[in-house]
Amino acid sequence: MTEQAARKPFLYVVVCAAGIAADVSKLITAAQERDWETGVIATPVAMNGFFDTAAVEALTGRPIRSAWRTPAEPRPFPAPDAVVVAPATFNTVNKWAAGIADTLALGTLCEAAGLGVPIAVLPCVADALAAHPAYRDSLERLRDMGVRFGEPYTGEPGDDGARPEFGWERALDLLERG
Ligand SMILES: Cc1cc2nc3c(=O)[nH]c(=O)nc-3n(C[C@H](O)[C@H](O)[C@H](O)COP(=O)(O)O)c2cc1C
(Lines give C-alpha, C1' and ligand atoms only; values in the text may rest on other atoms or scores of the structure.)
Protein backbone atom coordinates (compact mmCIF):
# COMPACT_ATOMS: atom_id res chain seq x y z
CA MET A 1 0.00 0.00 0.00
CA THR A 2 1.35 3.48 -0.82
CA GLU A 3 1.85 6.07 1.90
CA GLN A 4 -0.89 8.17 0.28
CA ALA A 5 -3.40 5.32 0.40
CA ALA A 6 -2.57 4.61 4.05
CA ARG A 7 -3.15 8.18 5.24
CA LYS A 8 -6.13 8.69 7.52
CA PRO A 9 -8.54 11.49 6.54
CA PHE A 10 -7.55 14.75 8.24
CA LEU A 11 -10.14 16.71 10.25
CA TYR A 12 -9.66 20.36 11.20
CA VAL A 13 -11.35 21.09 14.54
CA VAL A 14 -11.91 24.84 14.86
CA VAL A 15 -12.47 25.85 18.50
CA CYS A 16 -14.02 29.20 19.48
CA ALA A 17 -14.15 30.99 22.84
CA ALA A 18 -17.33 29.57 24.39
CA GLY A 19 -17.42 28.08 27.88
CA ILE A 20 -18.34 24.62 26.53
CA ALA A 21 -14.95 24.49 24.76
CA ALA A 22 -13.55 23.13 28.03
CA ASP A 23 -14.89 19.73 26.91
CA VAL A 24 -13.52 19.76 23.33
CA SER A 25 -11.35 16.72 24.03
CA LYS A 26 -14.61 14.70 23.88
CA LEU A 27 -14.94 15.64 20.21
CA ILE A 28 -11.32 14.81 19.42
CA THR A 29 -11.57 11.42 21.09
CA ALA A 30 -14.81 10.64 19.28
CA ALA A 31 -13.26 11.69 15.95
CA GLN A 32 -10.24 9.50 16.54
CA GLU A 33 -12.53 6.58 17.32
CA ARG A 34 -14.13 7.16 13.90
CA ASP A 35 -10.66 7.02 12.33
CA TRP A 36 -10.08 10.73 11.73
CA GLU A 37 -6.69 12.27 12.31
CA THR A 38 -7.27 15.65 13.93
CA GLY A 39 -5.59 19.04 14.06
CA VAL A 40 -6.97 21.87 16.21
CA ILE A 41 -7.18 25.49 15.11
CA ALA A 42 -8.32 27.77 17.91
CA THR A 43 -9.34 31.42 17.85
CA PRO A 44 -6.94 33.69 19.76
CA VAL A 45 -9.57 34.29 22.45
CA ALA A 46 -10.18 30.54 22.83
CA MET A 47 -6.46 30.07 23.52
CA ASN A 48 -6.86 32.34 26.54
CA GLY A 49 -8.02 29.77 29.11
CA PHE A 50 -11.12 28.32 27.44
CA PHE A 51 -9.73 24.78 27.19
CA ASP A 52 -6.75 22.72 28.28
CA THR A 53 -4.38 23.35 25.38
CA ALA A 54 -1.66 21.00 26.68
CA ALA A 55 -4.14 18.13 27.03
CA VAL A 56 -5.49 18.73 23.50
CA GLU A 57 -1.98 18.83 22.03
CA ALA A 58 -1.16 15.56 23.78
CA LEU A 59 -4.37 14.02 22.41
CA THR A 60 -3.85 15.11 18.80
CA GLY A 61 -0.05 14.77 18.82
CA ARG A 62 0.22 18.14 17.09
CA PRO A 63 0.57 21.76 18.22
CA ILE A 64 -2.62 23.78 18.27
CA ARG A 65 -2.61 26.42 15.58
CA SER A 66 -3.93 29.89 16.30
CA ALA A 67 -1.56 32.41 14.75
CA TRP A 68 -0.65 32.72 11.09
CA ARG A 69 2.60 31.03 10.12
CA THR A 70 5.43 33.20 8.79
CA PRO A 71 5.91 33.03 5.01
CA ALA A 72 9.07 30.93 5.46
CA GLU A 73 7.37 28.29 7.64
CA PRO A 74 5.88 25.17 6.03
CA ARG A 75 2.17 24.46 6.45
CA PRO A 76 1.99 22.53 9.72
CA PHE A 77 -1.21 20.60 8.88
CA PRO A 78 -2.13 18.66 5.76
CA ALA A 79 -5.04 20.03 3.72
CA PRO A 80 -8.37 19.18 5.38
CA ASP A 81 -10.67 16.37 4.29
CA ALA A 82 -13.39 17.90 6.50
CA VAL A 83 -13.81 20.78 8.94
CA VAL A 84 -15.74 20.97 12.21
CA VAL A 85 -16.38 24.20 14.11
CA ALA A 86 -17.26 23.32 17.70
CA PRO A 87 -18.14 25.23 19.68
CA ALA A 88 -18.98 28.02 17.23
CA THR A 89 -19.53 31.46 18.76
CA PHE A 90 -21.85 34.27 17.68
CA ASN A 91 -18.76 36.32 16.84
CA THR A 92 -17.06 33.73 14.64
CA VAL A 93 -20.26 32.74 12.79
CA ASN A 94 -20.97 36.38 11.90
CA LYS A 95 -17.40 37.20 10.87
CA TRP A 96 -17.12 34.02 8.80
CA ALA A 97 -20.38 34.74 6.97
CA ALA A 98 -19.19 38.29 6.29
CA GLY A 99 -15.96 36.96 4.76
CA ILE A 100 -13.67 38.38 7.42
CA ALA A 101 -10.36 36.50 7.65
CA ASP A 102 -8.40 38.38 10.31
CA THR A 103 -7.50 35.29 12.37
CA LEU A 104 -6.15 31.94 11.25
CA ALA A 105 -9.41 30.27 12.33
CA LEU A 106 -11.52 32.65 10.24
CA GLY A 107 -9.16 32.50 7.26
CA THR A 108 -9.34 28.71 7.37
CA LEU A 109 -13.12 28.77 7.53
CA CYS A 110 -13.49 31.33 4.75
CA GLU A 111 -11.38 29.11 2.50
CA ALA A 112 -12.95 25.79 3.50
CA ALA A 113 -16.19 26.05 1.53
CA GLY A 114 -14.20 26.83 -1.61
CA LEU A 115 -12.18 23.65 -1.10
CA GLY A 116 -15.37 21.63 -1.41
CA VAL A 117 -14.85 19.65 1.81
CA PRO A 118 -17.74 18.97 4.23
CA ILE A 119 -18.07 21.52 7.04
CA ALA A 120 -20.11 20.89 10.21
CA VAL A 121 -20.84 23.56 12.83
CA LEU A 122 -22.12 23.20 16.40
CA PRO A 123 -23.04 26.70 17.58
CA CYS A 124 -23.14 27.58 21.27
CA VAL A 125 -25.05 30.86 21.27
CA ALA A 126 -27.44 32.25 23.91
CA ASP A 127 -31.00 32.91 22.75
CA ALA A 128 -30.62 36.66 23.33
CA LEU A 129 -27.68 36.79 20.91
CA ALA A 130 -29.23 34.37 18.44
CA ALA A 131 -32.19 36.78 18.12
CA HIS A 132 -29.92 39.36 16.48
CA PRO A 133 -30.87 39.68 12.79
CA ALA A 134 -27.22 39.57 11.72
CA TYR A 135 -26.93 36.08 13.20
CA ARG A 136 -29.99 34.82 11.35
CA ASP A 137 -28.61 36.26 8.11
CA SER A 138 -25.22 34.64 8.78
CA LEU A 139 -26.76 31.20 9.29
CA GLU A 140 -28.72 31.54 6.07
CA ARG A 141 -25.68 32.64 4.11
CA LEU A 142 -23.47 29.84 5.44
CA ARG A 143 -26.21 27.22 4.85
CA ASP A 144 -26.46 28.46 1.26
CA MET A 145 -22.70 27.78 1.00
CA GLY A 146 -23.37 24.15 1.99
CA VAL A 147 -22.30 24.45 5.64
CA ARG A 148 -24.12 21.96 7.90
CA PHE A 149 -25.41 23.16 11.29
CA GLY A 150 -26.35 21.27 14.43
CA GLU A 151 -29.47 22.20 16.38
CA PRO A 152 -29.24 25.44 18.42
CA TYR A 153 -27.56 25.06 21.82
CA THR A 154 -27.63 27.93 24.31
CA GLY A 155 -25.47 26.56 27.11
CA GLU A 156 -28.10 27.72 29.62
CA PRO A 157 -28.55 25.42 32.64
CA GLY A 158 -31.78 23.42 32.76
CA ASP A 159 -34.26 23.30 35.70
CA ASP A 160 -31.87 20.97 37.54
CA GLY A 161 -29.11 23.62 37.34
CA ALA A 162 -26.96 21.45 35.05
CA ARG A 163 -25.88 22.42 31.56
CA PRO A 164 -27.42 20.03 29.01
CA GLU A 165 -25.11 17.68 27.11
CA PHE A 166 -23.56 19.43 24.11
CA GLY A 167 -23.55 16.26 22.02
CA TRP A 168 -20.12 16.66 20.43
CA GLU A 169 -20.65 13.61 18.18
CA ARG A 170 -23.40 15.52 16.33
CA ALA A 171 -20.60 17.23 14.41
CA LEU A 172 -19.23 13.92 13.16
CA ASP A 173 -22.74 12.70 12.30
CA LEU A 174 -23.27 15.84 10.21
CA LEU A 175 -20.05 15.18 8.29
CA GLU A 176 -21.16 11.64 7.51
CA ARG A 177 -24.63 12.75 6.35
CA GLY A 178 -23.50 12.55 2.72
C1 LIG B 1 -16.60 32.54 30.14
C2 LIG B 1 -17.09 32.98 28.79
C3 LIG B 1 -17.96 32.17 28.09
C4 LIG B 1 -18.43 32.56 26.83
N5 LIG B 1 -19.30 31.74 26.18
C6 LIG B 1 -19.76 32.12 24.97
C7 LIG B 1 -20.67 31.28 24.27
O8 LIG B 1 -21.09 30.20 24.74
N9 LIG B 1 -21.07 31.66 23.03
C10 LIG B 1 -20.64 32.84 22.45
O11 LIG B 1 -21.04 33.12 21.32
N12 LIG B 1 -19.79 33.66 23.10
C13 LIG B 1 -19.35 33.33 24.33
N14 LIG B 1 -18.49 34.15 24.99
C15 LIG B 1 -18.07 35.42 24.36
C16 LIG B 1 -16.93 35.17 23.36
O17 LIG B 1 -15.80 34.64 24.04
C18 LIG B 1 -16.54 36.50 22.66
O19 LIG B 1 -17.62 36.94 21.83
C20 LIG B 1 -15.30 36.35 21.82
O21 LIG B 1 -15.03 37.57 21.16
C22 LIG B 1 -15.43 35.23 20.81
O23 LIG B 1 -14.24 35.15 20.08
P24 LIG B 1 -14.04 34.04 18.95
O25 LIG B 1 -15.31 33.96 18.16
O26 LIG B 1 -12.91 34.62 18.13
O27 LIG B 1 -13.68 32.77 19.61
C28 LIG B 1 -18.02 33.79 26.26
C29 LIG B 1 -17.12 34.60 26.96
C30 LIG B 1 -16.68 34.22 28.21
C31 LIG B 1 -15.72 35.12 28.96
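Over residues 12–142 the chain is 39% helix and 17% strand, with the end C-alpha atoms 18 Å apart; helices (H or I, at least four residues) and strands (E, at least two) are DSSP runs, numbered from the N terminus. The model is a predicted one, in which local features need pLDDT of at least 70 and side-chain atom pairs count only at pLDDT 80 or more, while totals for chains, interfaces and linings use all residues. Residues are numbered from 1 along each chain as its sequence is written. According to an unreviewed UniProt entry, residues 12–142 carry the annotation "domain: Flavoprotein"; such annotations may be inferred rather than shown by experiment.

Strand 4 pairs (at least two DSSP bridges) with strand 3 (residues 82–88), running parallel to it through 4 bridges; one of the contacts links Ala88 to Pro123. Strand 4 also pairs with strand 5 (residues 148–149), again in the parallel sense, over 2 bridges, and here Ala120 has Arg148 as its bridge partner.

Turning to the ligand, 14 residues surround it, the closest being Cys16, Ala17, Ala18, Thr43 and Thr89 (C-beta atom, placed from the backbone, within 6 Å). This shell holds 8 nonpolar, 6 polar and no charged residues, where Ala, Val, Leu, Ile, Met, Phe, Trp, Tyr, Cys and Pro count as nonpolar, Asp, Glu, Lys and Arg as charged, and the others, Gly among them, as polar.
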